[in-house]
There are 2 protein chains.
Amino acid sequence: MKNKAAPHITVAIDCIVFGFDGSDLKLLLVKRGFNPEMNKWSLMGGFVNEDESVDDASTRILNKLTGLHGVYLEQLHTFGAVKRDTTERTISIAYFALIDIAKYKQQLSHDYHAEWFPIKNVPSLIFDHDAMVEEAKKRLQYKAALHPIVFELLPEKFTLPQIQSMYDAIYEVNFDKRNFSRKLLSTGLLIKLNEKDKAGSKKGAFYYMLDKEKYNENLYKIFSLIITPDHLQFL
Amino acid sequence: MKNKAAPHITVAIDCIVFGFDGSDLKLLLVKRGFNPEMNKWSLMGGFVNEDESVDDASTRILNKLTGLHGVYLEQLHTFGAVKRDTTERTISIAYFALIDIAKYKQQLSHDYHAEWFPIKNVPSLIFDHDAMVEEAKKRLQYKAALHPIVFELLPEKFTLPQIQSMYDAIYEVNFDKRNFSRKLLSTGLLIKLNEKDKAGSKKGAFYYMLDKEKYNENLYKIFSLIITPDHLQFL
DNA sequence: GCAAAAGTGTTTCAGTTACACCCATGA
DNA sequence: TCATGGGTGTAACTGAAACACTTTTGC
């Protein structure tokens with residue numbers, strides 16, 4: 001029962017940072033600069049201080065890596081196997097973040113040897129970080145099926161082909177572009193701009209932007225946009 | 001960065017235990033037997049030991065309260081505000097459990113002054129336990145919409161009216177019984193028995209049981225049984 | 001003029017909802 | 001015999017899926 005002996009344990013944060021660059025979904029990793037497991041790839045992590053909440057700790061640690069403020073960050077799961085960290089008993093609270101890679105690029109933090117890896121081609125990571133990434137991918141699928149959080153991954157202006165390739169990457173499928181665009185536009189969340197992105201094709205694709213007001217109205221609502229049961233298997 | 005100073009923090013577990021008794025959804029609470037907040041209602045909690053995983057700790061703590069083994073238990077969220085515990089900086093990993101009240105009754109643990117409260121009528125709890133319960137209710141709605149975990153709440157034999165009142169309680173609505181039973185039976189997960197429960201009515205309601213094989217086959221599958229978007233709002 | 005990607009409509013089908021009456025029984 | 005809860009069927013509608021051709025333009 002409580003207030004008997006209360007063991008004290010090291011509590012860490014690890015951040016799974018997803019990014020989208022307009023065509024690929026990527027994961028941000030850092031090269032570990034100290035032992036053990038020096039020079040292996042890992043998630044960005046740090047310890048929870050005694051005078052900060054765990055949410056504050058995750059924000060602080062993510063900011064240290066990316067320099068960004070206001071990033072979408074959500075607690076994922078707490079990993080607490082006894083020997084998950086080989087040096088000392090540590091439990092880790094994993095958070096996942098969604099960011100627009102372009103926004104971040106200017107301030108890429110060389111201090112941490114941070115690098116983006118395509119989600120389909122992530123190296124193996126230290127400790128139980130692989131499991132954290134797997135869990136985060138599932139959560140992203142889960143969450144994005146019901147909530148419009150994916151806009152966190154996009155720049156202010158984006159094209160329909162871009163947003164579709166993002167969904168395709170998240171769910172590892174290819175949606176039918178006719179059904180996809182109809183369904184997406186029917187949410188009324190998008191505003192079509194009079195401007196085209198000519199980078200991806202000769203014809204060019206119209207830019208859209210999020211209708212922020214409607215977005216905020218609908219944030220609490222279900223966004224049953226995409227998913228057929230198959231894509232949610234194993235969640 | 002890691003392996004600088006690593007503060008050590010007290011790590012607790014709190015269990016949100018949902019139970020169903022055939023007509024009502026309930027929450028199991030204990031009366032706190034020590035200060036501070038002595039005699040107030042709280043979730044069942046305890047500390048994580050240095051030599052056990054957090055999952056093991058949650059199982060141990062739940063077992064201490066209920067005497068039960070093999071209870072459905074799932075990690076919910078880690079609560080880590082600095083002053084959430086008034087005595088000492090403590091982070092708490094909340095777990096939620098689903099149990100069949102009848103199964104548990106025999107071994108009700110008087111040691112902890114444990115008591116079932118109807119979910120609609122839960123007293124206010126210590127620390128941030130109210131928030132934990134709210135979070136758990138949402139998670140249960142979320143999860144039960146897509147996974148057949150609710151059978152964890154039911155005895156081996158149950159009637160359609162019973163299972164429906166469970167869903168009604170979870171989602172705080174009243175489903176149409178014709179649509180409900182059709183949809184439920186169409187999953188093929190239920191076996192109708194040649195036996196009636198005469199407790200609830202004069203006519204009596206047929207017992208059903210879970211087809212365990214199909215259940216296990218389908219555990220990984222989506223169980224898109226019930227939910228219309230409205231019920232998932234705010235998740 | 002052709003290659004490459006963008007954009008658009010219709011039909012079919014399945015699943016969901018709404019809805020009302022009869023049945024069995026104990027008191 | 002009547003009050004109570006259990007059990008069942010149909011019609012209308014809505015949303016999802018499948019599917020192929022035309023448009024634009026840089027080369």
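Modeller: Happy to! First, this is a predicted model, in which local features need pLDDT of at least 70 and side-chain atom pairs count only at pLDDT 80 or more, while totals for chains, interfaces and linings use all residues. Residues are numbered from 1 along each chain as its sequence is written, chains are lettered from A and ligands numbered from 1 in the order in which they are written, and side-chain values use heavy atoms, with hydrogens and water left out.

Searching the whole structure gives 19 aromatic pairs over all chains. Among them, A:Tyr171 and A:Phe175 have ring centres 6.3 Å apart and planes at 75°, so they count as edge-to-face. For reference, rings of Phe, Tyr and Trp (its six-membered ring) pair if their centres lie within 6.5 Å, with planes under 30 degrees apart called stacked, over 60 edge-to-face and the rest tilted. Both A:Tyr171 and A:Phe175 are buried, where buried means under 20% relative accessible area, exposed over 50% and partly exposed in between (1.4 Å probe, protein chains only).

The charged end of B:Lys157 lies over the ring of B:Tyr207, 4.9 Å from its centre, and that of B:Lys192 over the ring of B:Phe206, 4.5 Å from its centre. The test is NZ of Lys or CZ of Arg within 6 Å of the ring centre and within 35 degrees of the ring normal.

From there, follow strand β1 (residues 8-20) of chain B, of whose 13 residues twelve are buried. Helices (H or I, at least four residues) and strands (E, at least two) are DSSP runs, numbered from the N terminus, and two strands pair if DSSP finds at least two bridges between them. Within chain B, eleven bridges link β1(B) in parallel to strand β6 (residues 90-100), with B:Val11 opposite B:Ile91. Four bridges link β1(B) to strand β4 (residues 44-47), antiparallel, and here B:Asp14 has B:Gly45 as its bridge partner. Another antiparallel pairing, also of four bridges, is with strand β2 (residues 25-31), where B:Phe20 faces B:Leu25. In that hairpin, which has four residues between the strands, B:Gly22 takes a positive phi near 105°. β1(B) also crosses to the other chain: three bridges join it, antiparallel, to strand β1 (residues 8-20) of chain A, with A:Ile9 opposite B:Ile9.

Past β2(B) comes the loop between β2 and β3, which holds B:Pro36. The peptide bond joining B:Asn35 and B:Pro36 is cis, with omega about -5°. In chain A, the bond from A:Asn35 to A:Pro36 is likewise cis, with omega near -5°. Most residues other than glycine have a negative phi, and most peptide bonds are trans. A:Asn39, in the loop between β2 and β3 of chain A, has a positive phi of about 70° although it is not a glycine.

B:Ser42 counts as buried because its relative accessibility is 4%. Leaving aside neighbours within four places in sequence, B:Ser42 contacts B:Leu29, B:Val30, B:Leu125, B:Ile126 and B:His129, a contact being heavy atoms within 4.5 Å.
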